[in-house]
Amino acid sequence: FTGTPTDKDKEAVVTEMLSKRSDLKLLDETILAAETNVKVEQAKYYPEVNFSSRYQKYDPQYLGWNNSSENEEFRQQLTVSINLFDGFQKGVQVEKSKLYTQSLRYDLEELKQTYIAELDNLFTDYQVNKSNLTVAKNSIKQAEENLRIAKLSHTQGVVTTSDVLDSVTNLSRAQYNFIAAKVSLFANYYRILRAVDGF
């Protein structure tokens with residue numbers, strides 16, 4: 001904390017945020033699942049085909065000593081079923097799935113825009129705090145120079161002790177403002193890192 005944080009490129013941070021945030025990834029995966037569900041609902045228009053096989057062996061002997069194949073049965077069954085009219089339920093379910101998917105896409109876009117706006121505000125605050133830090137540094141230099149002049153003037157008898165104390169107070173206030181500006185600068189820097197899941 002002796003120096004100042006390294007500035008970050010805003011566009012790179014926005015790209016990193018949109019690719020790393022876990023809630024955005026979760027919403028992306030939810031959209032993929034919803035799109036798959038649309039395909040599942042559309043598949044219900046097609047006929048259903050089932051194929052099954054069954055093998056049975058009947059043995060009149062209790063211990064199974066009879067090796068005859070006359071009592072064996074092997075069946076294969078192919079079943080095709082189609083619903084000619086279901087009261088438009090399939091169409092309703094397909095449209096419902098499509099609307100849900102579209103809703104998720106809108107939610108994702110809205111969330112992205114919200115995060116971009118928040119990040120933009122953080123960068124603005126960061127730049128303001130950086131400017132405040134520069135002003136605070138200059139204020140300390142001015143307050144130190146003011147105190148030096150006040151001490152010299154006091155030794156010459158031009159100003160009173162009260163004026164020197166005022167200069168000391170101004171220097172303390174400038175140093176406090178510098179520390180406060182630095183704290184705010186680092187706080188905003190870490191908020192930017194947190195916004196992109198940087199730690």
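**View 1. Ala-180 in helix α4 of the predicted model**. Ala-180 counts as partly exposed because its relative accessibility is 30%; buried means under 20% relative accessible area, exposed over 50%, and partly exposed in between, with a 1.4 Å probe and protein chains only. Helix α4 holds this residue; helices (H or I, at least four residues) are DSSP runs, numbered from the N terminus. Residues are numbered from 1 along each chain as its sequence is written, and side-chain values use heavy atoms, with hydrogens and water left out. This is a predicted model, in which local features need pLDDT of at least 70 and side-chain atom pairs count only at pLDDT 80 or more, while totals for chains, interfaces and linings use all residues.

**View 2. Thr-30 in helix α2**. Helix α2 spans residues 22-43 and includes Thr-30. With a relative accessibility of 27%, Thr-30 counts as partly exposed. Leaving aside neighbours within four places in sequence, Thr-30 is in contact (heavy atoms within 4.5 Å) with Tyr-100 and Leu-104. Arg-105 is 75 residues from Thr-30 along the chain, and their C-alpha atoms are separated by 9.6 Å.

**View 3. The largest nonpolar core**. A nonpolar core is a set of buried Ala, Val, Leu, Ile, Met, Phe, Trp, Tyr and Cys residues joined through side-chain atoms within 4.5 Å. Among the 31 residues of the largest one, Val-13, Leu-119 and Ile-192 touch the most other members. Helices α1 (10-20), α2, α3 and α4 each supply at least two residues of this core. The largest share, 13 residues, comes from α3. Not counting residues up to four places away in sequence, Ile-192 touches Val-13, Leu-119, Leu-122, Phe-123 and Tyr-126.

**View 4. The one cavity of 30 Å³ or more**. On a 1 Å grid over the protein atoms alone, a cavity is a set of points where a 1.4 Å probe fits but cannot get out, and lining residues have an atom within 4 Å of a point. The largest cavity has a volume of about 30 Å³, the volume being the space filled by probe spheres set on the points, which are joined across faces, edges and corners. Its lining consists of Thr-6, Asp-7, Lys-8, Phe-123, Tyr-126, Gln-127, Tyr-189 and Ile-192. Helices α3 (89-155) and α4 (161-195) each supply at least two lining residues, and the largest share, three residues, comes from α3.

Terms used
On a 1 Å grid over the protein atoms alone, a cavity is a set of points where a 1.4 Å probe fits but cannot get out, and a pocket is an open set with protein on both sides within 12 Å along at least five of seven lines; lining residues have an atom within 4 Å of a point.
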